[in-house]
Every structure is written in structure tokens, then in C-alpha cells.
Amino acid sequence: MSDLPLAVAISRLPHGADLPLPDYATAGSAGLDLVAAIEGEITLAPGERRLVPAGIAIALPAGYEAQLRPRSGLAARHGVTLVNSPGTIDADYRGEIQAILINLGDAPFCLRRGERMAQLSDAQIERYARHLILDEVGEAGQEKLLAARVLVVGAGGLGSPLLLYLAAAGIGTLGIVDDDDVDLSNLQRQVIHGEDWVGRPKVASAGSAIARINPEIRVEPHHTRLTAANAAELVQRYDLVADGSDNFATRFLLTDACHLYGRTLVSAALLRFDAQLSTFKSHLGPPHPCYRCLFPAPPPPGLVPRCEEAGILGALAGTAGTLQATEVLKEVLGLGDSLSGSLLIYDALGTEFRKIRIPRDPACPLCGAEATIHDLSGHR
Ligand SMILES: [Zn+2]
């Protein structure tokens, strides 16, 4: 059922005639709300079950079947759930849609005429069920994820878990920037790629893995290196940027581009047995710092070794990239405490997480009052 919305003929029955006819589909909810077509109200005692009419009849196309799901809020708040078995409604069914509600709570539950009690669902509701049941995410949150456009720079050690989890979570559009081909030495940590992709572009390999996990995600492959010439345009095409690159040139270029063009940057870096993670929103002004508040300029070439010279414990990339994916989802959903203003340091050998504050530097060359960086011309 990937071609949503599905056109289904819905008709109101006489006893539900005054109730609103449900909207069929939105980006995040492909289901159909069912409201209680009862007289006045009913009360379900603890443990009681009741067949509740929805006042509608539907005609599903041949070959389809639908399931009833509890409204997440109804189930979570009141302990009321549905007891319908899957597959009760199929293309041959022409009767009234009814829900069997059971009160699993220890208090009586009152249901009034017109209240939403269940949803007729298809695959999307099932796929994201564990998000929908979280009050902090719910359908509104899942809609935000599905509407979000996230750019992931680098389909390597960090980019692998980032892309896998963002795709699984339903981030609707994923841009991937990477000019590399898959190499056998990548497979020790870059878990999005398989051995059968060695020698072929990482963006294509990542796109194929994403399609296997969640075919409804739109992947926009950018088989190129991020440069001063393309960074502004690429960054502006997305709502949020996740830096999974492995070099200072790209990290500083993204820092500048995200600040100048007003995008939140979720950043991570790896070396040997250590990882660092932060979120930068300096475009929003004080108190948010930028990466240059911490490191005003790139270190001289050769001072800090790259991953290929210094090595990295493979699973560390998974830890850091997964933390990064979590922060991206939090930013899109507006949940919890943002990492902006903090640097998370993970010491894998000591099994220690530390969070230190990053103050905004008033003399920062990018976000300070006397900033000297106003475009990307300082980058190659
Ligand atoms: Zn700054």
C-alpha cells in the first residue's frame, strides 16, 4: 500500500448522518478516524467490552483488507483498547464498521457520541506504531518526521547508522552527499554498505539499503564532494543538516554554511576510541554557540590524524551515529533538551559519557558581533 492515499468509498449510515465524515489520509496518518455513532454516551466498567458502531460503511478495493487500531491517545490515557482481530474487514465486507472496545483500566470509561475511538489503518500506521503510541510523538509528531527533509553529509561510519535510523523512523526525505565508492576497508564500521557494493558509489549503496528498510522514504543522492560552490544550495534545500564527514575542511564548511543559511547542524566526530557530539543553532542568535566558538579555525593539516591514519573501533561509529540520529529526531520533533550549547564526549575505553558546556564566544569570527565570515569564499 505505498500509493497513498487510497481511494475508498465511504458512506454515512442514517444513525451517523450528523457526524463528520472522516478525512481519509494525510502524510502521517493513512488511516480513517472512526467516531462513536452512539446515542448520548456509554460507560464501560473496568473489564467490560462493548461493540460500538461507527456509523459508516466503506467499500475497500479488491485485494485490500483493513485493520482497526485503537487511537493511541485513547489507549494510552484510559487503558481502553480494541479487541478486533486483524483482517476483519476485507474487500467483500459491506456492513457497518464497528469497533469492539474493552476497558483494561481500573476506572469506568465514558465514551460520548462523536468521540474518536479508533482508526481504520493501513501499513503506515502499523509501521510507525511504536512512535504513535508515544504521547510525545503521536500522529502529529510522525507527520513532522514524514514531512522533514534532512541532509546527511557522508555515507560512512556516522552516516551509516544515521541514514538507517532516520529512514526507519520515517524522515520523509533524506539527502545524501558523498563522492566516494564503497571500499572493503569501509565495511568494518560502515554498516549500511554490503560487500556486494564494493567499488560502487556509496550514495547508491546507501539508497538501496534505505529502500529495503523503508521504501516510502525519498532519497536524494548527491554524488559529489561538498564544496564552497555547492554547499549553500545543498544546505538550503533541507530543513536540517547532519554532519557525518571525517575531515575538518567539510566540518568548517558546513558550520559556516549552516550558520549563514539558517539551518540547524547536528554534528559528530570520531577518533580511535572517542566520539564527540553537538548540535549547532547559532543562526538563531545568542545563547546558541557555533562550532567556531569552540574551534575558531581548522587545525593545521597533519596535526589531527584522520580516521584512516589513526584507526577507529568499528562499533564506536555506530554508537555516535545512533546518538546523532536521536538528536536529529529530537530536533525535528522539538522534543527534550537540545544539545545546542553542549558537547557530549564519549570515551569508549573508560565507558564514560561527559557533557560539557560550550559558551558562545562574543569574538567568534562566524557568529560574534564583529564576525568576519559573511560568505563561503574562504573555503576551497
Ligand atoms: Zn560562533
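How far apart are the centres of domain 1 and domain 2, taken over C-alpha atoms? In this predicted model, 40 Å separate them. The model is predicted, so to speak of local features a pLDDT of at least 70 is needed, side-chain atom pairs count only at pLDDT 80 or more, and totals for chains, interfaces and linings use all residues. Residues are numbered from 1 along each chain as its sequence is written.

Domain 1 covers residues 9-142 and domain 2 covers 148-357, with bounds that come from an automatic or database domain assignment. Along the principal axes, the C-alpha atoms of the protein fill a box of roughly 75 × 45 × 40 Å. Eleven helices and 18 strands are present; these are DSSP runs numbered from the N terminus (helices H or I, at least four residues; strands E, at least two). Of the 380 residues, 41% count as buried, meaning that 20 or more other C-beta atoms, placed from the backbone, lie within 10 Å of the residue's own.

Two open sheets can be described in turn, with strands taken as paired if DSSP finds at least two bridges between them. Four bridges join strand 1 to strand 4 (residues 49-59), and Ser 11 stands opposite Ala 57 in strand 4.

The other sheet has eight strands in the order 13-12-11-14-15-16-17-18, and its pairing is mixed. Strand 13 (218-222) and strand 18 (352-357) are its edges; here the twist averages 15° from one strand to the next. Strand 14 and strand 15 (residues 264-271) run parallel and are joined by four bridges, with Asp 243 opposite Ser 267 in strand 15. Helix 6 lies across strand 12 and strand 13, running at about 175° to strand 13; such angles run from 0 to 180 degrees between N-to-C directions, the axes being lines fitted to C-alpha atoms, for helices over the stretch in contact (C-beta atoms, placed from the backbone, within 7 Å).

Helix 5 (residues 159-169) is mostly covered, with nine of its eleven residues buried. Among them are Leu 162, Leu 163, Leu 164 and Leu 166. The elements covering these buried residues include helix 4 (138-147), strand 11 (149-153), helix 6 (202-213) and helix 11 (314-333). Just after helix 5, Gly 170 takes a positive phi of about 90°.

Methods: A residue is buried if 20 or more other C-beta atoms lie within 10 Å of its own, exposed if 12 or fewer, and partly exposed in between; C-beta atoms are placed from the backbone. Two residues are in contact if their C-beta atoms, placed from the backbone, lie within 7 Å.
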